[in-house]
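User: I am new to this structure and would like to learn how to read it. Please take me through it one feature at a time.

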Amino acid sequence: MALSNEVTTVLNEQINKEMYSAYLYLTFADYYDDRGLKGFANWYEIQAKEEMDHALAIRRYLLDNDFKPTMEAIAKPDKTFENDLAPLEAGLAHEEYVTSLIHHCYEVAHAQHDVRTMKFLDWFVAEQGEEETNARDMITNMKLFGCDPKGLYDLDREYQARTYVQSASLNL
């Protein structure tokens with residue numbers, strides 16, 4: 001059974017949104033790198049890689065279902081930050097936005113009775129829950145510990161230890 005036009009349209013659009021997320025997170029990484037917070041920069045560089053993985057997984061899904069994706073222009077992020085908490089808050093807001101986009105893709109698949117695509121999107125639904133939790137935790141940690149130089153240093157060291165692991169669930 002071929003994917004419907006409605007499903008291919010929202011999934012193709014989601015590829016672009018995931019790539020934009022990678023661009024956005026690189027601007028967060030650049031902000032923190034400029035501030036000398038290499039751990040926070042590392043966190044968001046890894047986030048950017050994960051967003052690219054998501055885009056590639058959706059692209060692969062479309063290709064595997066006989067649909068050729070169209071790569072559209074990626075918008076330029078326009079965020080500027082006044083303090084070290086601002087990118088974290090923008091990150092949470094963005095993850096909540098991406099969650100709404102994934103839910104929309106799921107709703108379209110459901111309306112089309114496309115069980116295969118709904119199953120594919122299940123991983124993304126769970127992933128977004130984890131992403132929002134991580135973003136909230138980073139905000140909480142910054143508010144609790146980031147106001148003091150030693151606490152900020154410790155947080156930065158913690159985030160520097162994060163390593164990139166490609167998700168086996170995506171089968172890239």
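User: How closely do the axes of helix H1 and H3 come, and at what angle do they cross?

Analyst: Two packed helices are described by the angle between their axes and the distance between the axes. This is a predicted model. In it, the axes of H1 (residues 5-34) and H3 come within 10 Å, and they cross at roughly 170 degrees.

User: Are H1 and H3 roughly parallel or roughly antiparallel?

Analyst: An angle over 145 degrees counts as roughly antiparallel. H1 and H3 are therefore roughly antiparallel to each other. The contact of H1 with H3 has 19 nonpolar, five polar and four charged residues.

User: At what angle do H3 and helix H4 pack?

Analyst: H3 packs with H4 (residues 115-145) at about 165 degrees, and their axes are 9 Å apart. That angle makes H3 roughly antiparallel to H4. The crossing of H3 and H4 is left-handed. Sorted by class, the residues in the contact of H3 with H4 are 15 nonpolar, six polar and eight charged.

User: What are the angle and the axis distance for helix H2 and H3?

Analyst: H2 (residues 38-64) and H3 pack at an angle of about 20 degrees, with 13 Å between their axes. An angle under 35 degrees counts as roughly parallel, so H2 is roughly parallel to H3. The crossing of H2 and H3 is left-handed.

User: Which residues make the contact of H2 with H3?

Analyst: From H2 come Phe 40, Tyr 44, Gln 47 and Glu 51, and from H3 come Pro 87, Leu 88 and Glu 95. By class, the contact of H2 with H3 has four nonpolar, one polar and two charged residues.

User: Now for single residues. Is His 94 buried or exposed?

Analyst: The cut-off for buried is under 20% relative accessible area. His 94 has 8%, so His 94 is buried. His 94 lies in helix H3. Apart from its neighbours within four places in sequence, His 94 is in contact with Tyr 20, Ser 21, Leu 24 and Tyr 25.

User: Where is Tyr 97, and is Tyr 97 buried or partly exposed?

Analyst: Tyr 97 is also in helix H3, which covers residues 86-111. Its relative accessible area is 37%, so Tyr 97 is partly exposed.

User: Where is Pro 77 found, and which residues does Pro 77 touch?

Analyst: Pro 77 is found in the loop between H2 and H3. Not counting residues up to four places away in sequence, Pro 77 touches Tyr 20, Tyr 23, Leu 24 and Thr 27. The relative accessibility of Pro 77 is 14%, so Pro 77 counts as buried. Pro 77 and Ile 102 are 25 residues apart in sequence and 20 Å apart from C-alpha to C-alpha.

User: What polar contact does the side chain of Glu 50 make?

Analyst: The side chain of Glu 50 makes a polar contact with the side chain of Arg 162, at 3.1 Å. Glu 50 has its place in helix H2 and counts as buried, at 15% relative accessibility. Leaving out residues up to four places away in sequence, Glu 50 touches Glu 127, Glu 131, Arg 162 and Tyr 164.

Terms used. Residues are numbered from 1 along each chain as its sequence is written. This is a predicted model: local features need pLDDT of at least 70, side-chain atom pairs count only at pLDDT 80 or more; totals for chains, interfaces and linings use all residues. Side-chain values use heavy atoms; hydrogens and water are left out. Helices (H or I, at least four residues) and strands (E, at least two) are DSSP runs, numbered from the N terminus. Buried means under 20% relative accessible area, exposed over 50%, partly exposed in between (1.4 Å probe, protein chains only). Axes are lines fitted to C-alpha atoms, for helices over the stretch in contact, and angles run from 0 to 180 degrees between N-to-C directions. Angles under 35 degrees count as roughly parallel, over 145 as roughly antiparallel, 65 to 115 as roughly perpendicular and the rest as oblique. A crossing is left-handed if the near helix is turned anticlockwise from the far one by less than a right angle, and right-handed if clockwise. Ala, Val, Leu, Ile, Met, Phe, Trp, Tyr, Cys and Pro count as nonpolar, Asp, Glu, Lys and Arg as charged, and the others, Gly among them, as polar. Contact means heavy atoms within 4.5 Å. A polar contact is a pair of N or O atoms within 3.5 Å; within protein, one must be able to donate a hydrogen and the other to accept it, and residues adjacent in sequence count only if both atoms are side-chain atoms.
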